[in-house]
Amino acid sequence: QVQLVESGGGLVQAGGSLRLSCATSGRTFSLYHLGWFRQAPGKEREPVAAISSSGGNTYYADSVKGRFTISRDNAVNTVSLQMNSLKPEDTAVYYCAAPRYISGRDFYSTEKEDYDYWGQGTQVTVSS
């Protein structure tokens, strides 16, 4: 059974940093692309960042480009999201997600419909 467990959320002042981690289990981690999404109250879940199975291709939403960095460590089955220069508008529940099917080494998706497994989410709150 595939499981994803996020950690690292919390309360931080604007301009601060947080590092989110997502530990996965249940299958060969290195074969799948992964994504981070977020959902703020009253808003739809949106893609934040994604990374291909090889780690060579990454995506960032325009709103986080230059501030967030996605990375993966296939040796320990973990994907991380380093978030710097946080803003109040980054406040949301953050989710990591994985697809059911193996994709190409350099492929990733930013469509939440393409992801089948989701973590429970971790709250990030940025105060002004």
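These are legends for several views of one predicted model.

**Before you look.** Residue numbers start from 1 along each chain as its sequence is written, and side-chain values use heavy atoms, with hydrogens and water left out. Since this model is predicted, local features need pLDDT of at least 70 and side-chain atom pairs count only at pLDDT 80 or more, while totals for chains, interfaces and linings use all residues.

Figure 1. Follow the chain from the N terminus and the elements run β-β-β-β-β-β-β-β-β-β-β. Helices (H or I, at least four residues) and strands (E, at least two) are DSSP runs, numbered from the N terminus. Along the principal axes, the C-alpha atoms fill a box of roughly 40 × 25 × 25 Å. The radius of gyration is 14 Å, which agrees with the value near 14 Å for a compact globule of 128 residues; that radius is taken over C-alpha atoms, and the globule rule is 2.2 Å times the number of residues to the power 0.38.

Figure 2. Of the 128 residues, 41% count as buried. Here buried means under 20% relative accessible area, exposed means over 50%, and partly exposed is in between (1.4 Å probe, protein chains only). The protein exposes about 6400 Å², with carbon and sulfur atoms supplying 46% of it; these areas come from the Shrake-Rupley method with a 1.4 Å probe, and for residues only the protein chains shown count as cover. Among contacts with a separation of 6 or more, 62% come from residues 24 or more positions apart, where contact means heavy atoms within 4.5 Å.

**Figure 3. Arg-38 and Glu-46, a salt-bridged pair.** Their side chains meet at 2.7 Å, N to O. A salt bridge is a side-chain nitrogen of Lys or Arg within 4 Å of a carboxyl oxygen of Asp or Glu, and by this rule the protein has 6. Arg-38 counts as buried because its relative accessibility is 5%, whereas Glu-46, at 35%, is partly exposed.

Figure 4. The side chains of Glu-113 and Lys-112 form a salt bridge at 3.9 Å, N to O. Glu-113 is exposed at 57% relative accessible area, while Lys-112 is partly exposed at 29%. Elsewhere, salt bridges that share partners join Arg-38, Glu-46, Arg-67 and Asp-90 into one network.

**Figure 5. Gly-8, in the loop between strand E1 (3–7) and strand E2 (10–13).** Gly-8 counts as partly exposed, at 34% relative accessibility. Setting aside neighbours within four places in sequence, Gly-8 is in contact with Leu-18, Arg-19, Leu-20 and Thr-122. For scale, Gly-8 and Ala-98 are 90 residues apart in sequence and 19 Å apart in space, C-alpha to C-alpha.
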